[in-house]
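This report describes one protein chain for a reader who has not seen it before. The sequence and the structure come next, followed by notes on how the parts are packed.

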Amino acid sequence: MKNKTALIILERPWGTNTSDNNRASVLPFFHGLQQLNGDFDVFHAQFYERKSFEMALNDMMQLEYSQFYIYIACHGSGKRLEGLNLSTAMFAIHEKAQTNNIVGVVIGACEIGKNVSHLQAYSEGSSIVWQFGYKCSVNWLDGTLLDVKIFDELLRLKPKAFNESENIVQAFAKVLEDFKPEASIGYDRNDLRMPLKDSLTLVVQSKGQGKQAKDHSSELFNI
């Protein structure tokens, strides 16, 4: 029997500043996670700019699954993912979330989590329950491992958990319970180590009529 959940990974090649031979990829980490629990399917596509991103997303959304999770993995800065604007990527996902059950989105890219209003705007009026991102410049391996841990926990939630934002926040808090709030996985614009408690963004819009997307970032270490 086919799994009900698909994890869609949209990744831009990282370049030689991440790997000398330009072969770094998040995919093996998520294949490992899939092999551990086996209750979701992983699909991976590379993108380079707007057109290839939209083509990859369109192809993945043709898959027949009852729920989808999306992981964007690439360099980021300000309001831009490498190869396209954040708004372009978020609009494309938001559009697909009108007709597909896209539950969660992780943006594994530096600084994108600063754009809280974007994450809120492109959650509302869609199936998206939660979106996660980083406010700092993130160390590649540290960020990838945290992203794996997030999906390991969040993919376990049952659909009824999506009705209350507290369930999502508690799941993220569980992911982070072994981390010190003052620890760091990256740097701010002044190249100063940024505390983890100030580095993460979580926007949640629970299921149900009239629910709004809200920023719950400050609660991640306060439960």
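## A residue in the core

F151 touches L7, F30, L33, Y69, I70, Y71, V106 and W130, leaving aside residues up to four places away in sequence; contact means heavy atoms within 4.5 Å. The model is predicted: local features need pLDDT of at least 70, side-chain atom pairs count only at pLDDT 80 or more, and totals for chains, interfaces and linings use all residues. Residues are numbered from 1 along each chain as its sequence is written, and side-chain values use heavy atoms, with hydrogens and water left out.

## Two nonpolar cores

A nonpolar core is a set of buried Ala, Val, Leu, Ile, Met, Phe, Trp, Tyr and Cys residues joined through side-chain atoms within 4.5 Å. Buried means under 20% relative accessible area, exposed over 50%, and partly exposed in between, with a 1.4 Å probe and protein chains only. The largest such core has 43 residues, and W130 and F151 touch the most other members. Elements giving two or more residues to this core include β1 (5-11), α1 (27-37), β3 (67-73), α5 (140-154) and α6 (165-176). Helices (H or I, at least four residues) and strands (E, at least two) are DSSP runs, numbered from the N terminus. The most comes from α6, with six residues. A second, separate core has 34 residues, among them A56, M60, I93 and V203.

## The sheet

Seven strands make an open sheet of mixed pairing, in the order β2-β1-β3-β7-β8-β12-β13. Two strands pair if DSSP finds at least two bridges between them. At the edges are β2 (41-46) and β13 (214-215), each pairing on one side only. β1 and β2 run parallel and are joined by six bridges; E11 stands opposite Q46 in β2.

α5 packs on this sheet, touching β1, β3, β7, β8 and β12, and its direction makes about 165° with that of β8. Axes are lines fitted to C-alpha atoms, for helices over the stretch in contact, and angles run from 0 to 180 degrees between N-to-C directions.

## Helix α2

In α2 (residues 50-60), the buried residues are S52, F53, A56, L57 and M60. Seen down the helix axis, they fall within an arc of 130°, so they line one face of α2; the arc is that of the directions from the axis to the C-beta atoms. These buried residues pack against β1, β2, β3, β6 (84-85) and α3 (86-96). The face turned away from them carries the exposed residues K51 and D59.
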